[in-house]
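Me: I'd like to go through a structure with you and ask what stands behind each label. Could you set the values against the cut-offs as we go?

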Amino acid sequence: MNTQGEILWVDDEIDSLKSQILFLKNKGYDVTSVSNGHDALELLKEKNVDVVLLDESMPGLTGLETLSRIKEFLPQLPVVMVTKNEAENIMEEAIGSQISDYLIKPVNPNQVLLSLKKIIDTKRLVSEKTTQAYQQEFRNLFMALSSNPDHEEWKELYRKLIYWELEMARSDSSEMMEVLQSQKSEANTEFYKYVSKNYEKWISGKAEAPVFSHELIKRKIAPHLEQGKSTFLILIDNLRYDQWKAIQHIITDSFRLLEEDMFYSILPTATQYSRNALFAGMMPADIEKKFPSEWKNDDDEGGKNLYEARFLEGQLKDLKLDNLKWQYTKITNNEDGKLFEDNIHNYLNNDLNVIVYNFVDMLSHARTEMEVLKELASDEVSYRSLTVSWFEHSPLHRALRKIADKNIQIFITTDHGTVRVKTPSKCVGDRATTTNLRYKHGRNLQYEDRDVLAFRDPRVVGLPRPNVSSTFIFAKEDVFLCYPNNYNHYVNYYRNTFQHGGISLEEMIVPIIRLESK
């Protein structure tokens, strides 16, 4: 028989509670009892329980002392304080120490039962409700996937998949999370086919296209810019749509959400291409023509994103917005962040402030290289959690809160997202071939046709051609490109890391958010 829950009851007069314990056992609960705090702590190190019922006034280790020790190593474990004492300071201290409920002695068995149901069943009922709702939605999502969605419908499909992913994570429903992940994987397979079929037509203007990186400022931001109203365009490098949803509640505490939309990152979904295109308002091949000394290809020496302000200046001029007073700031470390926070009020004198914030990109790279971060961000749920933790305590968040009462508007966006790579695919090239795991260009590339989208003439998709025989390839779904030399080491090192440059929902469909002061 399935148990309703594992209960630990800690009371120095445990013998007097036999009838209550029997009552709970008859209701389907497994109850273990101990008579002091020390035994309780020892038992909790060995055994998983769902709820602790804890007597407040015990000799030796008191209830409050036991509670604080439990919370040291099991902070999420629900504890119900059972007390003879209604003194306010005791209850305040207990509530401050995160008790889930409290009961006054003598305890009535039904009171205990209600308290346990409230704690255990709420989580189960939320999980069941989420699972049930997703099961109903599963077929709708499946039908939508099968009905040749267009670029707007793909955004909506991705939005729904992320909604359910966040709901599942909240309700801790692991079986349904697996079903959802396989549906998401199927969606990425279909999305790859869709992009492969249409990308060249979109870029060459032969088919109606989504808003891409190089049109973002012109189509989504420029119409809202005006002299005398301070606008902040905050580009958080590598911010996926699910990460935006995870930090949304923190930002909307201070600002009103006016519009939440997504746009498509150009290929490759990598900073030097997508972000330069975003600021220049043109595709990389055109940037190279107009700014030959500033544009850098993968194999050129020097930084690849050093001229974003120069490119933005050109775009503002083309859009006839060069009358705006604007400033470009790039933040790549905590010191830059603190400087920005300290000087935030000076930025209010500008019509447009463009802030490039590089934390999430650094997080994904560091996670690849540092074992401790691989542990901390082992999957999407923990990767989002790290993003939330960073944003909540970041100089960026503190700076925005300082100016929340001013009449400003804010755009939050990104250049591209990342995907967790799982499937290796062999790829061979000469010495000049690029090292990125999700896209490569070079001469004489050999690769698995089924795993990549290839363009033998990169100019047809708006990309520079570093030399006459350069081919660009983009990895599909969760594929990462590996050289055959030292293959197994390479595969084990990079599998399950977050990478970008290729074709997936996570990398290509990214957020553009508009907010204003409340």
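Me: Let's start with helix α13 (residues 334-342): which of its residues are buried?

Reply: In this predicted model, the buried residues of α13 are Gly337, Phe340 and Glu341. Each of them falls under 20% relative accessible area, the cut-off for that word.

Me: What do the buried residues of α13 pack against?

Reply: Their partners are β8 (326-331), α14 (344-347), β9 (352-357) and α18 (395-402). Packing here rests on contact, with heavy atoms within 4.5 Å.

Me: And what happens at the start of α13?

Reply: There a side-chain oxygen of Asn333 comes to within 3.1 Å of the backbone nitrogen of Glu335.

Me: Now the cysteines. How do you know that Cys427 is too far from Cys482 for a bond?

Reply: A disulfide needs two cysteine sulfur atoms within 2.5 Å. The closest cysteine sulfur to that of Cys427 belongs to Cys482, and it is 9.2 Å away, so a bond is ruled out. Seen from Cys482, the closest sulfur is that of Cys427, again at 9.2 Å. The count of disulfides is zero.

Me: Are Cys427 and Cys482 buried or exposed?

Reply: Cys427 is buried, at a relative accessible area of 0%, and Cys482 is buried at 0% too.

Me: On to charged side chains: why is the contact between Lys289 and Asp286 called a salt bridge?

Reply: The rule asks for a side-chain nitrogen of Lys or Arg within 4 Å of a carboxyl oxygen of Asp or Glu. The closest N and O atoms of Lys289 and Asp286 are 3.8 Å apart, so the pair meets the rule. Both sit in helix α11 (residues 284-290), three residues apart, which means they are separated by about one helical turn. Lys289 counts as exposed, because its relative accessibility is 67%, while Asp286, at 36%, counts as partly exposed.

Me: What about Arg310 and Glu294, where do they lie?

Reply: Their side chains form a salt bridge too, at 3.6 Å from N to O. This pair links distant parts of the chain, with Arg310 in helix α12 (residues 308-318) and Glu294 in the loop between α11 and α12, 16 residues apart. Arg310 is partly exposed at 37%, whereas Glu294 counts as buried at 15%.

Me: How many salt bridges does the structure hold, and which residues are linked in a network?

Reply: There are 38 salt bridges. A network of them links Glu165, Lys184, Arg240, Asp242, Glu380, Arg384, Arg420 and Glu506. One of the pairs is Arg240 with Asp242, at 2.9 Å from N to O, and both of these residues are buried.

Me: What makes Glu165 count as buried?

Reply: Its relative accessible area is 1%, and the cut-off is 20%, so Glu165 is buried. Glu165 belongs to helix α6 (residues 151-171). Beyond residues up to four places away in sequence, Glu165 touches Met177, Leu180, Gln181, Lys184, Glu380 and Arg384. Its side chain also makes a polar contact of 2.6 Å with the side chain of Lys184.

Me: Last one: what does Thr413 contact?

Reply: Thr413 sits in strand β10 (residues 408-413) and counts as buried, at 0% relative accessibility. Leaving out neighbours within four places in sequence, its contacts are Leu216, Leu233, Ile234, Leu235, Ile236, Phe263, Pro511 and Ile512. A polar atom of the Thr413 side chain lies 2.8 Å from the backbone oxygen of Pro511.

Key. Residues are numbered from 1 along each chain as its sequence is written. This is a predicted model: local features need pLDDT of at least 70, side-chain atom pairs count only at pLDDT 80 or more; totals for chains, interfaces and linings use all residues. Side-chain values use heavy atoms; hydrogens and water are left out. Buried means under 20% relative accessible area, exposed over 50%, partly exposed in between (1.4 Å probe, protein chains only). Helices (H or I, at least four residues) and strands (E, at least two) are DSSP runs, numbered from the N terminus. A polar contact is a pair of N or O atoms within 3.5 Å; within protein, one must be able to donate a hydrogen and the other to accept it, and residues adjacent in sequence count only if both atoms are side-chain atoms.
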